[in-house]
Amino acid sequence: MHLLPFLTTVLPFMASLSSATPVELATRQTTSKVAVGAVINSCVVPGTIALTFDDGPWDYTHTLLDTLAEYNAVATFFLNGINKGSITSYPDILQRAVAEGHQLGSHTWSHPYLETLDHAAILSQMTLLEDEFVQILGYFPSYMRVPYLSSNDAILAAMAELGYRVIGASIDTKDYENDDAGLIWKSFEKFRLELDAGGSIVLSHDTHFYTVETLVDNMLQEIRSRGLKAVTVAGVSEIQATGTALRDRRGWSRLNEEHKVRVAPRSFKHGKWVFYN
Ligand SMILES: [Zn+2]
């Protein structure tokens with residue numbers, strides 16, 4: 001219903017942008033051996049678990065990064081261009097997350113139901129966000145998660161065309177239903193039960209206060225007490241596909257040859273940036 005104004009106002013803008021973005025697969029390849037256009041729902045490497053956070057960046061993401069750092073854990077963030085916040089407002093979050101070893105993936109530009117869009121609009125949802133990634137980091141992801149986990153063959157074919165690995169989930173905390181001090185334990189219990197059932201890719205959202213305030217800390221304590229290792233989805237998928245970890249963690253991303261921007265390695269610690277070398 002609200003698609004009509006979206007299509008008429010945004011599509012001409014998208015069309016002009018997409019002509020500036022190379023979409024040929026040849027320009028999008030990485031050294032990765034992980035198949036494109038197929039959904040990955042679990043880590044098969046024993047003892048690993050992948051925490052993933054969708055819908056950011058948002059005001060709470062820095063706090064989440066602090067908590068992950070306390071546990072020496074890495075995670076994967078599936079980011080939007082425009083959702084609760086705008087990606088252009090948070091370049092420091094993207095740069096900090098990469099500097100601290102986390103993986104950044106795409107969750108589309110504006111989080112639509114992709115099955116309501118035609119092929120060109122699906123591609124634009126990805127390439128618009130790629131342009132912002134390139135502006136902020138100099139490269140863009142090769143992993144994505146479909147909004148609402150709502151996918152079909154046409155969407156997966158479009159992702160294969162663009163060279164994206166598609167990540168699902170095998171533990172869904174449904175944290176958006178429990179964003180309350182008195183309810184968030186329900187998401188933690190769901191996490192524990194689905195972990196017991198063999199789940200290993202965990203879906204939650206850094207846009208919800210009690211996820212960042214309570215759930216993440218509890219999940220990380222549980223992960224530690226079970227002797228599991230928190231990894232990025234690319235980290236574990238690459239091990240799964242090749243038998244070894246990628247040496248260069250940028251294997252999960254692609255350089256855009258038209259925009260070679262170098263980002264100095266740095267980390268955000270104790271309220272300020274620390275630059276390496
Ligand atoms: Zn989402």
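Contacts between residues 24 or more positions apart account for 79% of the contacts in the chain with a separation of 6 or more. The model is predicted, and its secondary structure comes to 8 helices and 13 strands. Of the 277 residues in the chain, 43% are buried.

**The nonpolar core**

- The largest nonpolar core holds 64 residues, and those that touch the most other members are A50, A75, L94, I201, V202, M219 and A230.
- Helix α4, which spans residues 119-137, gives the most to this core, with 7 residues.
- V202 is one of the core residues named above. Leaving aside residues up to four places away in sequence, V202 touches I49, A50, L51, T52, A169, I171, T173, F191 and M219.

**Helices α6 and α7**

- The axes of helix α6 (residues 184-196) and helix α7 (residues 209-225) come within 10 Å and cross at roughly 30 degrees. Angles under 35 degrees count as roughly parallel, and α6 is therefore roughly parallel to α7.
- The crossing of these two helices, α6 and α7, is right-handed.
- On the α6 side, the contact involves I184, S187, F188, F191 and R192, which meet Y210, T214, L215, N218, M219 and E222 in α7.
- By class, the residues of this contact divide into 6 nonpolar, 3 polar and 2 charged.

**Helices α4 and α5**

- The axes of α4 and helix α5 (residues 153-161) come within 10 Å, with a crossing angle of roughly 50 degrees. The two helices, α4 and α5, are therefore oblique to each other.
- The crossing of α4 with α5 is right-handed.

**H205 in strand β9**

- H205 lies in strand β9, which covers residues 201-205.
- With 23 other C-beta atoms within 10 Å, H205 is buried, because 20 or more such neighbours are needed for that class.
- H205 and T52 are 153 residues apart in sequence, yet their C-alpha atoms are 7.8 Å apart in space.
- Not counting residues up to four places away in sequence, H205 touches F53, D54, D55, D175, Y176 and T211.

**Backbone features in loops**

- The peptide bond from G56 to P57 is cis, with omega near 5 degrees. P57 is found in the loop between strand β2 (48-54) and helix α2 (61-70).
- N72 has a positive phi, near 55 degrees, although N72 is a residue other than glycine. N72 is found in the loop between α2 and strand β3 (76-79).
- N72 has 11 other C-beta atoms within 10 Å and is therefore exposed, as 12 or fewer neighbours place a residue in that class.
- K174 is not a glycine either, and K174 has a positive phi of about 50 degrees. K174 is found in the loop between strand β8 (171-172) and helix α6.
- K174 counts as partly exposed, because 13 C-beta neighbours lie inside 10 Å.

Methods
Residues are numbered from 1 along each chain as its sequence is written. This is a predicted model: local features need pLDDT of at least 70, side-chain atom pairs count only at pLDDT 80 or more; totals for chains, interfaces and linings use all residues. A nonpolar core is a set of buried Ala, Val, Leu, Ile, Met, Phe, Trp, Tyr and Cys residues joined through C-beta atoms within 7 Å. Helices (H or I, at least four residues) and strands (E, at least two) are DSSP runs, numbered from the N terminus. Two residues are in contact if their C-beta atoms, placed from the backbone, lie within 7 Å. Axes are lines fitted to C-alpha atoms, for helices over the stretch in contact, and angles run from 0 to 180 degrees between N-to-C directions. Angles under 35 degrees count as roughly parallel, over 145 as roughly antiparallel, 65 to 115 as roughly perpendicular and the rest as oblique. A crossing is left-handed if the near helix is turned anticlockwise from the far one by less than a right angle, and right-handed if clockwise. Ala, Val, Leu, Ile, Met, Phe, Trp, Tyr, Cys and Pro count as nonpolar, Asp, Glu, Lys and Arg as charged, and the others, Gly among them, as polar.
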